[in-house]
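Please report on this structure.

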Amino acid sequence: MRPGAPAGIRGGGHGFPVRGTAPEPVTSGSGPCPEMEKSLHATLNSAVTLRYVDDDPGAAPGRPPVLLLHGFGSTFELNWVRTGWTAALAAEGLRTIGPDLRGHGSSGKPRQDDAYLPGVFVADLVLLLDELGVERADVVGYSMGSRLAWEFALTRPERVRRAALGGFGPRNAFAGTDLDDLESDDSPFGRLYRAVAELPGNDLAALAACARGQAARPFTEEPAPRSTPLLFVAGEEDEIADGVERLARVSGAAGALRIARRDHRTAVTAGAFKKAVLEFLADEAPISSTA
Amino acid sequence: MTMAQHTLELPDLGEGLIEATVLEWLVEPGAGVERNQPLVEVETTKSAVEIPSPCAGAVARLHAAEGDVVRVGEALVTFDVAQDAGIVGTVPAQERKPTRRVRLKPPEE
């Protein structure tokens, strides 16, 4: 922590509000309040271009970087920066790596369904960690990002030290959804699709392809990534996470925390969510499978 | 050193939305705050956002209660701030530059 910085709070890399890829500094009123800094991005050009943030305060030696995986229709910025997550992680001195997942934000947006199979996302993450020279990361996901964190830990356990899965449960997110008619589908996922479709910068054809690609590989509780310690966190009123307590038990997870009075949209900013994940990632003790 | 008041208004949340609902205050009147310290969580119809403090000072007044709807541009919180304290000088504007641009060969599919 540099001199002059308040305990537990750090300045860099946390801008608000941030729109698109060229965030403007806040100039709210007049007075002695200085402007916010900008977040900086980098680009990984592969088959599909990936935009990501790699922010390292360099103050947590011995701790792996934290890879942040946002939800469907969201972006790194919306899911992790504006919600206070990057500030909370940076205050711990932790390095954060945050891609805009393919189909999202400033990354490439292919329109073929099979460009969005869970395994393809995992290949992107492996490529990103390889590029950054990161052997093993802690992974924090939200919603679809948690589904991908599970897939990552299951198929590449050597790359995932610990994984915290927010806003996620075992139920089929696409139950009752007509994935070929998302514009008028009235299932919970159809409504989510139309809500995120209105966010600036989203490509509807890419998002629909992403939904179909994810749905093509329905989530299954078995096999579970049992060699990676897992923590589940979800809003108490988050129906998308229904059954997460049971999933935590059968997968040998450290636990399933429910956040009071929060739903799928509002749990992500909750202080209790951040605190639980920070403690889970800091805990070096082996997780008992019977906990 | 003289004191002044600075009021933070609800910023444009960038989603074409004109209002937000206060989810939870993270500070209370009388509390000292540091720049970038989380102040409040708000929710819109599309997302939840944590608003950090734009300055160091003390919380003088919260202008909305939890559950209240605040429109963009309306007062959110008023701070007492030191007018000529070296607030700006204590926080470097840019300390790290994580930007990198790399080109990889397309992966074998």
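## Around A:Arg161

Setting aside neighbours within four places in sequence, A:Arg161 contacts A:Pro64, A:Arg136, A:Ala137 and A:Asp138 (contact: C-beta atoms, placed from the backbone, within 7 Å). The model is predicted: local features need pLDDT of at least 70, side-chain atom pairs count only at pLDDT 80 or more, and totals for chains, interfaces and linings use all residues. Residues are numbered from 1 along each chain as its sequence is written, while chains are lettered from A and ligands numbered from 1 in the order in which they are written.

A:Arg161 sits in strand β6 (residues 160-166) of chain A; strands are DSSP runs of E, at least two residues, and helices runs of H or I, at least four, numbered from the N terminus. A:Arg161 counts as partly exposed because it has 19 C-beta neighbours inside 10 Å (buried: 20 or more other C-beta atoms within 10 Å; exposed: 12 or fewer; partly exposed: in between).

## Helices α5 and α6

The axes of α5 (residues 188-197) and α6 (residues 204-215) of chain A come within 11 Å and cross at roughly 150 degrees. α5(A) and α6(A) are therefore roughly antiparallel (angles over 145 degrees, on a scale from 0 to 180 between N-to-C directions of lines fitted to C-alpha atoms over the stretch in contact). A:Tyr193, A:Val196 and A:Ala197 of α5(A) meet A:Leu204, A:Leu207 and A:Ala211 of α6(A).

## Nonpolar core

The largest nonpolar core has 97 residues (buried Ala, Val, Leu, Ile, Met, Phe, Trp, Tyr and Cys joined through C-beta atoms within 7 Å). A:Phe232 is one of the members that touch the most others. Beyond four places in sequence, A:Phe232 touches residues including A:Leu165, A:Phe168 and A:Val244.

Definitions and conventions: Contact = placed C-beta atoms within 7 Å. Parallel < 35°, antiparallel > 145°, perpendicular 65-115°, else oblique.
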